[in-house]
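Biologist: I'd like to go through this model with you and ask where its labels come from. Shall we take them one by one?

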Amino acid sequence: MNTSRIEIIQGDITKQAVDAIVNAANTSLLGGGGVDGAIHRAAGPELLAECRTLHGCRTGEAKITKGYRLPARFVIHTPGPVWHGGGSGEEALLASCYKSCLTLAAENGCKTVDFPSISTGVYHFPLEKASRIAVSTIAAFLKEHPELERVRMVCFDGRTKAFYDRALEELT
């Protein structure tokens, strides 16, 4: 599978100058901890004001807002699944998060999209499983959508990056 348009980097997603960054949100879309809180703080109060008009978002789906004070033009918000052991459809929901975000990005003319590692923080999705689901879902989407030029996983730390690097290597 051609994975040349997928990149894995370590960094701060709030500092990425891309068309869209993805927010690992909660279903209220009104901010929270981790990546969600960092994105809301960096974007400023206008992001929260716009999110209030969206009336939340179901797990596995996505909604888009402006980026406000972020270097990214848009923020795509997606609530990832909480890990309950794997028997509650978590893997399909996580794949749906990535696909829903990429669909919104393509519909809004985005060429570059950056993702965090969705659900692997306080939602406890196993990083090895999550990284494989993310990379394979992104690769499959890119195969059908040449308009997206580059999708990156922006990993918070080296441990997370190592899992995503391995998942990408397994696909090639």
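This is a predicted model: local features need pLDDT of at least 70, side-chain atom pairs count only at pLDDT 80 or more; totals for chains, interfaces and linings use all residues.

Biologist: Then what makes Phe115 count as buried?

Modeller: Phe115 has 0% relative accessibility. The limit is under 20%, so Phe115 is buried.

Biologist: And why is the pair of Tyr98 and Phe115 called tilted?

Modeller: A pair of aromatic rings is described by the distance of the centres and the angle of the planes. The ring centres of Tyr98 and Phe115 are 4.8 Å apart, with the planes at 40°. Pairing needs centres within 6.5 Å, and planes under 30 degrees apart would be stacked, over 60 edge-to-face, so 40° makes this pair tilted. Tyr98 sits in helix α3 and Phe115 in strand β5, 17 residues apart. Tyr98 is buried too, with a relative accessible area of 0%. The count of aromatic pairs comes to two.

Biologist: How do you know that Arg152 and Asp114 form a salt bridge?

Modeller: Their side chains meet at 2.7 Å, N to O. The rule asks for a side-chain nitrogen of Lys or Arg within 4 Å of a carboxyl oxygen of Asp or Glu, so the pair qualifies. Arg152 is in strand β6 and Asp114 in strand β5, 38 residues apart.

Biologist: Why is Arg152 called buried?

Modeller: Arg152 comes out at 12% relative accessibility, and under 20% is enough, so Arg152 counts as buried. Asp114 is buried as well, with a relative accessible area of 0%.

Biologist: What makes Arg150 and Asp114 a salt bridge?

Modeller: The distance there is 3.8 Å, N to O. The limit is within 4 Å, so Arg150 and Asp114 are a salt bridge. Arg150 is buried, and so is Asp114.

Biologist: What about Glu170 and Arg132, and which helices do they tie together?

Modeller: The side chains of Glu170 and Arg132 meet in a salt bridge at 2.8 Å, N to O. Glu170 lies in helix α5 and Arg132 in helix α4, so parts that are 38 residues apart in sequence are tied together. Glu170 counts as partly exposed at 44% relative accessibility, and Arg132 does at 38%. Elsewhere, salt bridges that share partners join Asp114, Arg150 and Arg152 into one network. By the rule, the count comes to nine salt bridges.

Biologist: How do you know that the charged end of Arg166 sits over the ring of Phe163?

Modeller: The charged end of Arg166 is 5.1 Å from the centre of the Phe163 ring. The distance limit is within 6 Å, and the charge must also be within 35 degrees of the ring normal.

Biologist: Which residues line the largest cavity?

Modeller: Phe163 and Arg166 are among them, together with Glu128, Ser131, Arg132, Ala167 and Glu170. The largest share, four residues, comes from α5. The space in that cavity is about 40 Å³, and the count comes to one cavity of 30 Å³ or more.

Key. Residues are numbered from 1 along each chain as its sequence is written. Side-chain values use heavy atoms; hydrogens and water are left out. Buried means under 20% relative accessible area, exposed over 50%, partly exposed in between (1.4 Å probe, protein chains only). Helices (H or I, at least four residues) and strands (E, at least two) are DSSP runs, numbered from the N terminus. Rings of Phe, Tyr and Trp (its six-membered ring) pair if their centres lie within 6.5 Å; planes under 30 degrees apart count as stacked, over 60 as edge-to-face and the rest as tilted. On a 1 Å grid over the protein atoms alone, a cavity is a set of points where a 1.4 Å probe fits but cannot get out, and a pocket is an open set with protein on both sides within 12 Å along at least five of seven lines; lining residues have an atom within 4 Å of a point. Grid points are joined across faces, edges and corners, and a volume is the space filled by probe spheres set on the points.
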